[in-house]
Amino acid sequence: MVAGVLLILSNLLLGQTGMITYIAGGSQEHSQLSVIDLDTGESAAIGRDALDAYPAWSPDGMRIAYQSRHPDGVCIRLAYPLESRDEALSHIHPVNLRPTWSADGKQLAYVAHNDTDPLPVLVVYDFAAGKESVWGGGQQGFLSAVWLASTDLMKALNPEDQEAAESAGLFKLKEEAEQYGIVTAIGVSGAVPNLSTELFIVTPSASLPLLPFLVPDSKRYVKYGLCPDHKARQIAYESNDGGDRELFVLGRRGIINVSNHPAADWNPAWSPDDNWIAFESFRNGRRGLYRLLASTGNVTPILTGSTFDCWAPDWSPDGEWIVFVSDMHGTPQLFVVHPDGSELKQITDGEVPALSPMWQPEIKQSGSTEK
Amino acid sequence: MNGFTRHILALALTCWIGGMASARTTDGTLGLLQLPNNGIPAIVEMQGSFTAVLRQEATLSLSGAAGELPLETIWSQLPGGMQQAQCSPSSPAPPGVYALRAADGTGTDVNARAVYVVDSFPETYQVAHITDTHIGKTGRPRPDTEILTTIIETINASEAALTLITGDLTENGEPEQFQRFLGLLDLCRLPTFVVPGNHDRKADNYRRFFGPLTYYFTFGKDGYLAFDTKDYLIANELTGQDGLLHFYRRQIRASRWSIGFTHRYDVTMGIRAQITLFVDDPLDYLVYGHIHREAGEGDGIPWGSTRAIITPAAIDGVFRILRVDVNGVHPLETIDTAANPNQEN
């Protein structure tokens with residue numbers, strides 16, 4: 001049990017500046033993009049209160065992309081918390097979900113679908129061109145996507161069967177990745193009634209399931225919870241390979257089961273130095289926070305409880321703190337804690353749940369905020 | 001339980017419920033006593049114990065046809081300030097239906113039909129499945145209350161041991177509609193387990209009337225898991241339900257049959273929840289409604305082994321009996337109690 005949790009009204013005690021964005025509400029009627037200012041400890045609702053969800057900071061820390069309902073469906077909006085303004089992107093599809101930024105902040109990827117076909121395609125919005133394009137050659141079934149910050153991992157991807165790789169289009173995809181960048185995505189695979197999910201690599205004109213090049217029976221398993229490290233040299237993901245849900249890391253050394261425990265392990269999040277992975281696990285019964293050293297797989301608990309859950313961890317830019325959601329006091333609220341589990345502090349205390357926290361990156365005044 | 005015993009119990013219950021008008025708060029919402037209640041009751045054997053959740057500690061007792069039975073309690077605190085009591089009758093409680101009473105010094109709160117005591121759990125039994133009652137819906141050939149009353153009377157005359165009511169209890173989620181639903185619910189002599197539907201989403205009304213949206217219970221060897229099929233558009237993976245689904249799924253892992261019940265299944269619902277319930281540790285069955293018709297081609301769970309059981313809407317006068325035995329859960333033919341079936345949704 002956790003005792004003596006401190007609610008801090010002034011966050012100066014954290015030694016952090018900047019903001020954390022989150023979703024306030026989370027009900028079927030109200031969910032609003034919000035931020036908490038770590039200098040003052042004050043929270044502000046900056047979204048549309050239109051079932052806002054999935055906030056994502058731009059790499060320069062100036063904008064927050066999020067999904068928000070509008071009369072014709074769901075659009076991606078951009079909030080500028082320092083400028084108190086907010087705008088919507090123009091879309092081809094009526095429903096647009098789960099935005100993710102490219103490493104240079106010049107593109108935004110999200111999944112989108114229309115009303116008649118719920119299988120989403122992967123869409124990339126190019127800010128310089130001011131328009132969207134469908135990636136992956138139009139393949140359907142993408143559930144969520146994350147940009148890779150580099151193509152390093154592609155260089156390491158050298159399957160033994162070069163002929164099969166050539167026929168699958170891997171080499172053409174590598175060339176396109178060098179030119180346009182690359183997205184990794186979780187997508188639906190298989191067919192009803194034996195649906196599955198797969199880890200895909202996606203460029204403008206192609207998408208390929210990644211793991212079958214490395215693990216022949218990869219399609220037996222259902223993957224989720226995708227998270228590349230900050231240099232895109234390794235990808236952490238979940239799979240039920242082994243019987244229960246485990247965390248795996250795909251990198252130059254191949255694929256390693258890094259969490260390996262009979263209880264389920266979910267939602268990996270790399271530390272800023274890419275040495276640690278924070279994640280959720282049920283190894284103590286309820287959903288708790290843990291971290292593992294990626295090089296050894298050594299797991300240590302951050303915070304667990306027998307009567308409450310902790311989830312959605314995200315690291316501070318300096319790796320000194322982890323923000324997360326917990327219902328340890330009833331209504332889910334945001335808390336911060338050091339990665340070793342010390343100095344637990346509650347940072348929101350609203351009447352409605354505070355969910356989906358994401359720590360603002362260090363602000364870079366790059367002048368790349370044009371839409 | 002044989003037919004004669006059932007009849008006596010039903011008679012006693014009918015007489016006794018009439019005196020339970022003080023149950024809950026004056027507006028029908030849950031008060032001091034949160035759980036169990038007539039939407040999430042406890043079913044225990046004579047020597048068994050159950051868990052109660054209250055806003056604060058109180059003296060608890062069971063009240064039924066057999067009289068007042070004091071409960072021995074072991075208290076613990078829950079997140080959010082709620083108090084949890086592990087409750088055991090000080091002497092064995094005869095089989096029957098009981099109200100749970102709580103006295104805290106300032107008053108008494110009563111949850112009617114909150115605890116059912118059985119002499120044993122059968123290997124083979126029946127479950128009544130009602131869905132989409134839409135209390136408050138107008139423009140029907142018969143009043144909504146009359147339709148549901150007829151269904152409940154039919155269920156009371158059946159051999160069913162419990163009833164699952166899978167959402168869209170109300171048409172608009174208004175408190176007045178929940179109050180009317182509660183009045184009808186208490187006509188049922190069986191334990192009634194409810195979950196919310198998309199029509200019940202108005203403020204926090206469902207939770208105020210019934211409590212948690214996610215829970216599990218066991219009935220003999222079988223495990224039942226109730227959950228809210230949230231709207232995928234608002235990213236249900238942000239909330240805490242996914243963690244509860246995994247935790248509760250593990251609690252009923254050893255069950256003979258694992259049976260989920262919810263308002264609807266949609267392949268675009270939260271993928272985390274689907275992976276938990278249909279992939280990593282698949283439920284044997286998922287019972288739901290929402291579509292206001294019999295299952296057709298394309299309906300069902302596309303992940304593998306979980307079998308879907310879909311029942312048309314009660315507002316159209318229909319419900320279904322499921323037979324549960326050593327070979328599985330078997331949906332029987334839909335029972336049509338309506339004079340004018342096949343109305344629009």
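Select B:Gly300 to begin: leaving aside residues up to four places away in sequence, B:Gly300 touches A:Pro193 and B:Ala308. Touching, or being in contact, is defined here by C-beta atoms, placed from the backbone, that lie within 7 Å. This is a predicted model, in which local features need pLDDT of at least 70 and side-chain atom pairs count only at pLDDT 80 or more, while totals for chains, interfaces and linings use all residues. Residues are numbered from 1 along each chain as its sequence is written, chains are lettered from A and ligands numbered from 1 in the order in which they are written.

**Stop 1: around B:Gly300**

Show the loop between strand E15 (285–288) and strand E16 (307–310) of chain B, where B:Gly300 lies. Helices (H or I, at least four residues) and strands (E, at least two) are DSSP runs, numbered from the N terminus. B:Gly300 is partly exposed, with 18 other C-beta atoms within 10 Å. The scale is as follows: a residue with 20 or more other C-beta atoms within 10 Å of its own is buried, one with 12 or fewer is exposed, and one in between is partly exposed, with C-beta atoms placed from the backbone.

**Stop 2: where the chains meet**

Colour the two chains separately. Their contact takes 38 residues from chain A and 27 residues from chain B. On the chain A side, the elements that give two or more residues are strand E5 (53–57), strand E15 (194–202), strand E23 (286–293) and strand E29 (354–359). The chain A side divides into 20 nonpolar, 10 polar and eight charged residues. In this scheme Ala, Val, Leu, Ile, Met, Phe, Trp, Tyr, Cys and Pro count as nonpolar, Asp, Glu, Lys and Arg as charged, and the others, Gly among them, as polar.

Now select E29(A). Six of its six residues are buried. Strand E2 (residues 19–24) of chain A pairs with E29(A) in the antiparallel sense over four bridges; pairing requires that DSSP finds at least two bridges between the strands.

**Stop 3: the domains of chain B**

Chain B has six helices and 19 strands, and 49% of its 345 residues are buried. Colour domain 1 (3–116) and domain 2 (125–336) of chain B; such bounds come from an automatic or database domain assignment. The C-alpha centres of the two domains of chain B lie 23 Å apart. Their contact takes 19 residues from domain 1 and 18 residues from domain 2. On the domain 1 side, helix H1 (3–17), strand E1 (33–35) and strand E8 (108–118) of chain B each give two or more residues. H1(B) gives the most, with four residues.

**Stop 4: helix H2 of chain B**

Select residues 144–156 of chain B. This is helix H2, whose 13 residues reach 18 Å from first C-alpha to last, close to the 18 Å expected at 1.5 Å a residue; the expected span is 1.5 Å times one less than the number of residues. Show the side chains of its buried residues: B:Asp144, B:Ile147, B:Leu148, B:Ile151, B:Ile152 and B:Ile155. Look down the axis of H2(B): these residues fall within an arc of 125°, so they line one face of the helix. The arc is that of the directions from the helix axis to the C-beta atoms. The buried residues of H2(B) pack against strand E9 (125–130), strand E10 (160–166), helix H3 (175–185) and strand E17 (318–325) of chain B.

Follow E17(B) onward. A hairpin of two residues joins E17(B) to E18(B). Strand E18 (residues 328–331) of chain B runs antiparallel to E17(B), with four bridges between them. B:Leu322 has B:Pro331 in E18(B) as its bridge partner.

**Stop 5: helix H3 of chain A**

Bring chain A back and select helix H3 (residues 170–180), whose buried residues are A:Leu170, A:Leu173 and A:Ala177. Down the axis of H3(A), its buried residues fall within an arc of 55°, so they line one face of the helix. The face of H3(A) turned away from the buried side carries the exposed residues A:Phe171, A:Glu175 and A:Gln179.

End at A:Gly181, which takes a positive phi of about 95° just after H3(A). A:Gly181 lies in the loop between H3 and strand E14 (182–191) of chain A. A:Gly181 is buried, with 23 other C-beta atoms within 10 Å. Not counting residues up to four places away in sequence, A:Gly181 touches A:Ser102 and A:Trp147.

Note on methods: Two residues are in contact if their C-beta atoms, placed from the backbone, lie within 7 Å.
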